[in-house]
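Consider the structure shown here, beginning with the ligand and the space around it, and then turning to the backbone.

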Amino acid sequence: MKIDLRSDTVTKPTKEMLEAMMSTEVGDDVYKEDPTVNALEQRIAMMFGKEEALFFPSGSMANQAAIKLHTQPGEQLIADQYAHVYNYEGGGVSFNSGVSCKLIKGHRGMITASQVEESINPPDFYHSPLTSLVCVENTTNKGGGACYDFEEIKRIKNVCDQHNLGYHLDGARLWNALVTKEESAKQYGEIFDTISVCLSKGLGAPVGSVLIGDSTIMKQAIRVRKILGGGMRQVGYLAAAGLYAIENNISRLSEDHRRAREIGKVLEKLSFVKKVEPIDTNIIIFTIDGKEEEFIAQMASKNIHFYGMGQGKLRFVTHLDYTQKRHEYFLELLMTFKLNKAVHTT
Ligand SMILES: *Cc1c(COP(=O)(O)O)cnc(C)c1O
C-alpha cells in the first residue's frame, strides 16, 4: 500500500468531485461570463462577509496579487521568517512588487503585535523603506500547522490601524484552523483587508485559490491577475471542484487532525525519535536521532513517502487521500519500525 505524506496537495479528485466538475456550466471567465466561477466567488465572499472574491490558479499567485495591491515598489512588508510569501513563492515579492521583507523570528511561524510594532520603519525616516503591509499565515506551513490565538490576530490589526498598514492573511490552510479552533470565516473577514485561501490543499480540489477583500482594494485585483497571467477562460470546471470541496470537505478536516495526533503519539514512543513538535492540525514535524536521508530512504523502500525539511527536521502531512485504512496500516508499520542499526549512529 502506498502512503504519501509529502503534502496535502497530493490528493486526487474523487469520482463525486469529478462528476460535479463534468456536469457544471462554464463560460469565458476573462469576460466574467463563467457562471460556476461567479458562483464560487460569491459563495466565498459571503462566507467571509466581504464584498468580493476572485478565483486564482494558485495560492502563490493570490498572495502575490495581494502584495501588489497593498504596496508600491521600494516599500517593505513584515512577515515571519518562515512565511510562505518569503520562502516558497520564488522571490515573487521582489520580482512582482519590487518590495523587500522585514523578517521576524516568531514562534512556529507566528508573530506578535509587539514584534510587528518594533519592525515598522518610522514613515518620516526616508532612509529606510516605507513599511506598508503585514502578512500573517494561519495555519503556518513551515511552522508545522500551528494556529494563531485570534486575540493576537486582533492585536496585530490594531497595530496595522495605528500605523496605516495593510493586513493580509495567507490562509492557504485557514480551513484547518477554522475547524480546530471552532472559528468562523466571518471573524477573519472582519479583521483582514485581504485573505487568500487554497482549495487544493486539505479540501482536495485539484487546482485553485481565492483572494477575498472589499471592493476598494479588490478593484485592481483582476488587472493584477491578468498581468500575472492568471486570467483563465472556461475555468468553471475547476471552480466546480472548489464548490464541491467547500460543501463536502471542510468539516472532515478534523479526521486529518485526529490522524496526525495519533501518528504523533506513536512517534513519541519510538526510541530513535528525538522530538515531536506540537500537533495543532494536519502537519507533523519531528526530529530523529540518526540520518534523516536514511530514514526517508528506508521508509520509501516500504512505499511510505514524505519530505525532510533540512536542519534535521522531518515532516508528515495528513490529507483526504490518507484514509483510515492507510492510517491503520501506517501506524502498525511505524510501531514496529526499526531504524537500520548501521545508520543509527550516535
Ligand atoms: C500551499 C501554500 C500556498 C500556496 O501555494 P500554491 O502551491 O502556489 O498554491 C500559500 N501559502 C501557504 C502557507 C501554503 O502552504
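The ligand takes up the space of the largest pocket. A molecule counts as sitting in a pocket if more than half of its atoms lie within 2 Å of the grid points of that pocket. On a 1 Å grid over the protein atoms alone, a pocket is an open set of points where a 1.4 Å probe fits, with protein on both sides within 12 Å along at least five of seven lines, and lining residues have an atom within 4 Å of a point.

The model is predicted, so local features need pLDDT of at least 70 and side-chain atom pairs pLDDT 80 or more, while totals for chains, interfaces and linings use all residues. Residues are numbered from 1 along each chain as its sequence is written, and side-chain values use heavy atoms, without hydrogens and water.

The volume of the largest pocket is about 330 Å³. Its lining has 23 residues, with His-84, Tyr-88, Asn-141, Arg-173 and Lys-201 closest to the centre. Two or more lining residues come from each of α3 and β12 (307-310); helices (H or I, at least four residues) and strands (E, at least two) are DSSP runs numbered from the N terminus.

Around the ligand itself are 13 residues, of which Gly-59, Ser-60, Asn-141, Asp-170 and Lys-201 come nearest (a heavy atom within 4 Å counts as near). Helix α3, residues 59-70, gives the most to this shell, with 3 residues.

For Ser-60 the distance is 2.6 Å. A polar side-chain atom of Asn-141 is 2.9 Å from a ligand oxygen, and for an N or O atom in the side chain of Arg-173 the value is 2.9 Å. Of the 390 Å² of accessible area that the ligand has on its own, the protein covers 83% (Shrake-Rupley method, 1.4 Å probe).

Two backbone features remain. Asn-138 and Thr-139 are joined by a cis peptide bond, with omega about -5 degrees, and Thr-139 is in the loop between β5 (131-137) and α7 (150-162). Arg-108, not a glycine, has a positive phi of about 50 degrees; this residue is in the loop between β4 (100-104) and α6 (113-119).

How values were computed:
Polar contact = N/O pair within 3.5 Å; in protein donor to acceptor, adjacent residues only side chain to side chain. Points joined across faces, edges and corners; volume = space filled by probe spheres on them.
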